[in-house]
Amino acid sequence: MDTDSLFRLDGRVALVTGGSRGIGRMIAEGFVKMGARVYVSSRRAEACIATAEALGDNCHALPQDVSTVAGCKALAAQLAEREASLDILVNNAGAAWGEPFEDFPEKGWDKVMDLNVKSPFFLTQALHPALKSAASRQRPAKVINITSIDGMRLNGWETYSYHASKSALIYLTKRMAARLIGDAINVTSIAPGAFASDMNKAARDHGDAVAKAIPAGRIGEAEDMAAAAIYLASRAGDYVVGETITVDGGLVNASLGRSIDA
């Protein structure tokens with residue numbers, strides 16, 4: 001049992017969408033530190049390039065908007081110009097929309113469902129050849145979808161399409177896993193709770209108050225998210241297929257009547 005290298009990612013190529021900030025950046029930084037060559041993608045080129053420069057020589061920027069199928073195909077083509085295969089894909093790019101039920105607009109539905117559900121499917125489809133090229137029974141390729149605890153329980157916000165999209169992505173993870181395991185590609189997901197980010201402004205701006213509702217007594221830190229992603233991406237997670245790992249300090253599974261907006 002080689003526990004020294006169990007969590008290492010040396011020699012592996014990873015792509016993280018929405019990788020320029022927040023949870024995506026946490027994961028990208030963790031992958032880099034474990035030895036992977038990481039490509040971060042986001043629609044804002046400047047932020048993408050700045051993140052790649054900050055994370056060092058093993059991190060590279062691939063700016064692209066993956067909210068459309070055309071954008072997903074374009075990102076796959078960009079990666080193919082640089083890499084012959086892909087070991088790890090993290091589908092992290094996402095959006096949220098909150099508005100009262102009476103006023104909730106179609107654009108708030110379509111934007112969120114397209115980016116949070118459709119894009120992970122079609123980007124994985126576009127990168128399927130690259131993932132298959134890297135994959136073997138001895139070392140499966142990995143697809144990690146970033147879902148949310150809001151796909152498992154309600155929060156206090158009227159984020160109808162966000163709730164629906166994250167629930168859908170959790171189940172889509174299982175369906176994709178059932179198909180892609182035949183190609184030695186493991187599909188899993190991580191459901192984060194309260195992590196400070198531009199999307200989760202409550203955790204970012206009022207972390208101490210938010211922490212009071214979390215059984216662990218604190219909001220998530222970058223190491224918590226990186227650790228979960230490294231586990232799934234590395235040899236340590238090779239026998240985990242179709243599973244959603246909840247990383248939320250116990251909010252979903254260890255709360256006694258607590259409620260939080262995360």
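## Contacts of Leu-86

Two residues are in contact when heavy atoms of each lie within 4.5 Å. In this predicted model, Leu-86 meets that criterion with Val-13, Ala-14, Leu-15, Leu-79, Leu-127, Ala-130, Leu-131, Ala-134 and Ala-141, once its neighbours within four places in sequence are set aside.

## The nonpolar cores

The largest nonpolar core comprises 35 residues. Leu-86 is among the members that touch the most others, together with Leu-15, Leu-79, Leu-89, Leu-127, Leu-131 and Ile-185. At least two residues of this core come from each of strands E1 (13–17), E5 (141–146) and E6 (185–192), and likewise from each of helices H3 (69–80), H4 (106–126), H5 (128–134) and H6 (160–180). The greatest contribution is that of H6, which supplies 6 residues.

The model has 1 cavity of 30 Å³ or more. The volume of the largest cavity is about 40 Å³.

The lining of the largest cavity is formed by Thr-17, Val-66, Asn-91, Asn-92, Ala-93, Leu-115, Ser-119, Pro-120 and Leu-123. Helix H4 provides the most lining residues, with 4. In terms of class, 5 of the lining residues are nonpolar and 4 are polar, while no charged residues take part.

Terms used
Residues are numbered from 1 along each chain as its sequence is written. This is a predicted model: local features need pLDDT of at least 70, side-chain atom pairs count only at pLDDT 80 or more; totals for chains, interfaces and linings use all residues. Side-chain values use heavy atoms; hydrogens and water are left out. A nonpolar core is a set of buried Ala, Val, Leu, Ile, Met, Phe, Trp, Tyr and Cys residues joined through side-chain atoms within 4.5 Å. Buried means under 20% relative accessible area, exposed over 50%, partly exposed in between (1.4 Å probe, protein chains only). On a 1 Å grid over the protein atoms alone, a cavity is a set of points where a 1.4 Å probe fits but cannot get out, and a pocket is an open set with protein on both sides within 12 Å along at least five of seven lines; lining residues have an atom within 4 Å of a point. Grid points are joined across faces, edges and corners, and a volume is the space filled by probe spheres set on the points. Ala, Val, Leu, Ile, Met, Phe, Trp, Tyr, Cys and Pro count as nonpolar, Asp, Glu, Lys and Arg as charged, and the others, Gly among them, as polar.
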